[in-house]
Structure formats: structure tokens, C-alpha cells
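Please open the structure in your viewer and keep the sequence beside it.

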Amino acid sequence: MEISFRGKHALVTGAGKGIGRATALALARCGAEVTAVTRTQADLDSLLQECASIRPVCVDLSDWGATEAALQHVGPIDLLVNNAACANLQPFLEVTPDKFDQAFSVNVKAVLHVSQIVARGMKARGSGGSIVNVSSQASQCALRDHAVYCATKGALDMLTKVMALELGPHQIRVNSVNPTVVMTEMGRLGWSDPEKSKTMTSRIPLGRFAEVEDVVNSILFLLSDKSNMTNGVTLPVDGGFLAC
Ligand code: NDP
């Protein structure tokens with residue numbers, strides 16, 4: 001299936017590392033103009049070395065005012081990938097308010113805010129658009145030490161559905177991908193221990209974690225006009241984990 005984003009402008013958050021970085025590069029390869037948003041300048045510098053056409057924006061998305069200012073001049077966006085997130089693992093009884101607030105402000109509040117900024121422009125131009133939120137299997141299945149992360153992703157799934165409901169009449173589609181573990185920096189944080197990772201892979205019918213490209217391909221599909229009638233879905237990219 002050939003997907004082209006020629007003539008489209010895409011914005012990807014958390015594009016410095018992992019899934020977001022690979023998504024930004026894939027979108028550029030498919031012809032999109034890409035704005036990459038993340039908070040570590042060194043990651044943007046190395047991303048630009050890989051793909052000089054990418055436009056960098058360095059901002060901490062947990063800062064509402066700084067985000068507003070940073071995205072003020074990015075111009076019209078057709079495709080948005082809300083990918084940035086943090087995962088602070090803590091046993092439920094040890095969850096601290098600072099980690100709770102940080103996770104909700106990046107994983108949920110920033111998604112709402114960036115989407116508001118982008119979707120207002122889409123609505124004003126009447127050109128429609130497509131938004132993909134990067135959620136997780138953790139939105140629908142309890143994982144030990146992931147109380148706050150699971151709660152943020154559960155909230156994100158419902159945000160996706162309400163956005164689909166309210167933005168649909170403006171021809172703006174909103175969907176999420178819900179991957180299983182991917183061995184990025186974030187994935188390694190929770191799943192490097194072979195004993196622990198075995199307990200997870202044994203519950204995945206395909207018997208393995210997802211590759212970054214597995215997630216990127218599903219994001220590209222949901223962004224593209226190949227999924228024109230798909231709106232408000234949470235698409236597992238989990239080898240069947242959530243089906244069992
Ligand atoms: P990584 O930790 O590898 O990359 C996350 C990126 O987001 C980094 O570039 C990071 O920048 C950026 N980011 C984090 N917080 C902020 C912030 N406040 N402002 C701006 N940028 C920020 O994560 P993954 O690629 O693994 O994860 C991407 C998405 O996939 C996330 O939504 C995650 O929840 C989801 N996911 C991941 C899974 C996995 O196992 N890896 C499984 C299921 C879902 P910096 O490094 O500078 O903080």
C-alpha cells in the first residue's frame with residue numbers, strides 16, 4: 001500500500017527519540033513537511049542531521065504557556081501525532097503527587113492543548129485533518145507499578161473518543177494506536193529484566209514485543225486517507241495482548 005503525504009504538513013511531538021523520531025522521519029520520507037517537537041535540543045540537532053528538511057521546535061510540553069508560544073508560528077498543520085509521554089514507574093502505594101502531576105500534564109493535558117491549537121487551525125481553514133494519539137495497551141489492562149501511566153493512557157483513550165465526536169463534523173479524524181512494549185528508551189526502563197519481559201511476551205499471542213516500525217506503520221495508516229472512514233478508534237498494536 002503506497003502512502004503519500006506530499007503537500008501535507010505534519011507535526012509530531014516527542015520526536016527526539018523512539019517512536020516519535022521514527023514517525024517524523026517516516027513522514028518526511030513519505031513527502032510531508034514535518035515539524036518535530038521535543039524538549040532536548042541535542043535530539044533535534046541529530047534529527048536534523050538525519051533529515052535536513054525537518055523543522056525543529058524545542059519546548060517542554062508540560063509548560064502550557066511555553067507550548068502556546070512555541071507553536072504560535074508553526075503554520076497550518078494537516079496531520080498531528082501526539083506521541084510525547086513520560087512513564088514514571090512506582091508501586092501504587094508509593095505514588096507521589098509530583099510524578100502524578102508530571103505524567104498527567106505531559107500524557108494528557110499537553111495532548112489536549114496541542115490538539116486544540118492544531119484543530120482550531122484545521123477548523124478555521126475548513127481543510128479537515130487527521131490526529132493520532134499514541135496511547136498504550138496499558139490504557140486497557142492493569143500493569144504492576146504502572147498505576148499513573150495506566151491512568152493517563154485510559155484518560156487519553158477517552159479524550160481520543162471525545163475529540164473524534166466533536167471534531168468529526170469538521171472532517172478532522174482522531175484515533176489512537178495502543179502498542180504493547182517497544183524496546184525504546186521508555187520500553188527498556190520497564191522491561192529490560194528478562195524474567196519480567198518473559199511474563200509479558202508469554203501473554204502476547206505473537207510471542208514478541210512490537211518493533212518501532214510496527215507502531216509507525218499503524219500511525220501512518222491512521223493519518224492517511226487509506227483510513228478515511230476510521231474515527232475514534234483505539235487500535236491495538238500488541239500482537240493480540242488485549243484480545244486475550
Ligand atoms: P521515548 O522515551 O523513547 O521517547 C519519548 C519522547 O518524548 C522523547 O523524545 C522525550 O524527550 C519526549 N518527551 C517526553 N516528555 C516531553 C515533554 N514534557 N516535552 C516534550 N517532549 C517530551 O518513548 P517511546 O518512543 O517509547 O514512546 C512514545 C510513545 O509511545 C509514548 O506516548 C508512550 O507512552 C507510547 N508507548 C510506548 C511503549 C513502549 O514500550 N516504549 C508502549 C506503548 C506505548 P526527552 O527524552 O528529552 O524527555
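**The ligand and its surroundings**

Begin by selecting the ligand: 27 residues surround it, and the closest are G14, G16, G18, A85 and T184. A residue counts as near if its C-beta atom, placed from the backbone, lies within 6 Å of the molecule. Next, select α1 (18-29) and α6 (185-191), the elements that give two or more residues to this shell. Coloured by type, the shell shows eleven nonpolar, eleven polar and five charged residues; here Asp, Glu, Lys and Arg count as charged, Ala, Val, Leu, Ile, Met, Phe, Trp, Tyr, Cys and Pro as nonpolar, and the others, Gly among them, as polar.

The model is predicted: local features need pLDDT of at least 70, and side-chain atom pairs count only at pLDDT 80 or more, whereas totals for chains, interfaces and linings use all residues. Residues are numbered from 1 along each chain as its sequence is written.

**The sheet**

Now select the strands. They form an open sheet of seven, ordered β3-β2-β1-β4-β5-β6-β7, with parallel pairing. β3 (55-58) and β7 (234-237) each have a single partner strand, so one side of each lacks a neighbour in the sheet. Helices (H or I, at least four residues) and strands (E, at least two) are DSSP runs, numbered from the N terminus, and two strands pair if DSSP finds at least two bridges between them.

Zoom in on β1 (residues 9-13) and β4 (residues 79-82), which run parallel and are joined by three bridges. In β4, L79 is the bridge partner of A10.
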